Amino acid sequence: MAQLNVTDLTFYYDGSYDTIFDNVSFQIDSDWKLGFVGRNGRGKTTFLNLLMKKYEYKGTISSPVSFDYFPFPVTDKSQNTIDIVEMIYPDYELWKVCKELTLLEVDCEVLYRPFETLSNGEQTKVLLAVLFSKENNFLLIDEPTNHLDMNTRIVVMNYLKGKKGFILVSHDRFFLDGCIDHVLAINKANIEVMQGNFSTWWENKKNQDEYELAENEKLKKDIKRLSEAAKRTENWSDQIEKSKIGSHSPDRGFIGHKSAKMMKRAKAIENRSLTALDEKSKLLKNIEDTDELKIIPLKHHKSTLVNVENLSVTYGDRTIFDHINFSISNGKRIVLQGKNGCGKSSILKIILGEDIPCNGKVEIASGLVISYVSQDTSNLSGNLSDFAKEHHLEESLFKALLRKLDFTRLQFEKNIEDFSGGQKKKVLIAKSLCEQAHLYIWDEPLNYIDIFSRMQIEKLIKQYEPTMLLVEHDKTFVNEIATDIIQI
Ligand SMILES: Nc1ncnc2c1ncn2[C@@H]1O[C@H](COP(=O)(O)OP(=O)(O)OP(=O)(O)O)[C@@H](O)[C@H]1O
Ligand SMILES: [Mg+2]
């Protein structure tokens, strides 16, 4: 066990007024399984990049171990997987990589196939296997679960549970709970390190927030009471002063004594007010804004919006799936589940009217308005105002929704390509919330989205009950919102 020390770290991106880290210090141990949580854009990826020495910073980071970053950027995916393994770790030992792959339930033969032919899950697992085959290495694992199906998430979770010495950024509550023993949280006003899993940290945060809210209320009342008392004392003092000047003054000594007593009382009230104000100013700094979101779905006159019968999809000579039957009625929230590559996104695209080679019957109610959130965010660029114009969104509503999803005003001045992963996905969610539609089709909406906003979205869906067709692998979310689950 060795210690990694961060002391007085300060960092901001060149040309930006947004200070990401301001004089922060903390310590972590190199054999922890450390979950790294915090809202989108708080600087998790940036911090991992600072550990990788990608940017210059002020302060010191001292570490007895060397770091590796996941995901390793694979530029040419047509290469054989074993060549990519060698690129990541030139001194790799085949038996060790294979041993790790076996633990991840992947056959070693994938190493001899082009990387692009591997499923998302297999690609993730190969990268993890190579990195974990290194010794005395501390892994920085940035959101490994995005795009992974539920079963693969469980395999990776159990794998990580058997390892130690990593920082894992994830927004998946179930996944975090299954494999970490410490939490590093970037809160609104500070960074904290805590023993336990996600639920332990969450309980603690909830209790702390509740305590602070109650304490704040109490102090607010105290301050009001004290200010009223101060006013009363002031009035009395004035009256006493007046009686000193008046001609019927009975006893000047007595009045002087009373006046001194009043002054002492005024001073005491002022001191108590200052202490209360000071205590109050220390509270609520870490309470996250999770204002309620709003959506205005349209209601279709027909009860069945989509009907799919005997649907099959064949790419080339490969049948992706066949004989799928389901229908979407008003008010339903249907979640499509199944292994990576089983054709979930294809089904969504067929309903959206895209030209996908398929057989079977797909009936769409006439005049059906659909709002769509795509899985991919890589084509987003430019500023938010232009994005709103291009998509005919009411700019003020769109930006108000983003503010509720924790965007600062500074964020509005940046281009979308400089946004963090979660901030980009939030742009698509906010766009969909602005759109009035009969049916909301969301493809893996929660990838990259922070936990607080996941909860905001859960709450919104339960409150407004829009009709939805979703692909999503976040177990906690699906349990909360799905009315039906269809296994492909
Ligand atoms: N090249 C850049 N130029 C300017 N600002 C940037 C740049 N890259 C990132 N940022 C900003 O820095 C902040 C931190 O980004 P970072 O990607 O570290 O967040 P994160 O915590 O990893 O978020 P997420 O949970 O969405 O992945 C964000 O506000 C982002 O907009
Ligand atoms: Mg990130």
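Strand 2 (19-29) and helix 11 (395-404) each give at least two residues to the lining of the second largest pocket, and strand 2 makes the largest contribution, with five residues; helices (H or I, at least four residues) and strands (E, at least two) are DSSP runs numbered from the N terminus. This is a predicted model, in which local features need pLDDT of at least 70 and side-chain atom pairs count only at pLDDT 80 or more, while totals for chains, interfaces and linings use all residues. Residues are numbered from 1 along each chain as its sequence is written, chains are lettered from A and ligands numbered from 1 in the order in which they are written, and side-chain values use heavy atoms, with hydrogens and water left out.

The lining comprises 23 residues, and T19, G41, R42, K188 and T408 are those nearest the centre of the pocket. Domain 1 (3-204) and domain 3 (304-487) each provide at least three residues of this lining, the domain bounds coming from an automatic or database assignment.

A polar backbone atom of G41 lies 2.8 Å from an oxygen atom of ligand 1, and for G43 the corresponding distance to an oxygen atom of the ligand is 2.9 Å.

Conventions:
1 Å grid on protein atoms, 1.4 Å probe; cavity = no way out; pocket = protein on both sides within 12 Å on 5 of 7 lines; lining within 4 Å. Polar contact = N/O pair within 3.5 Å; in protein donor to acceptor, adjacent residues only side chain to side chain.
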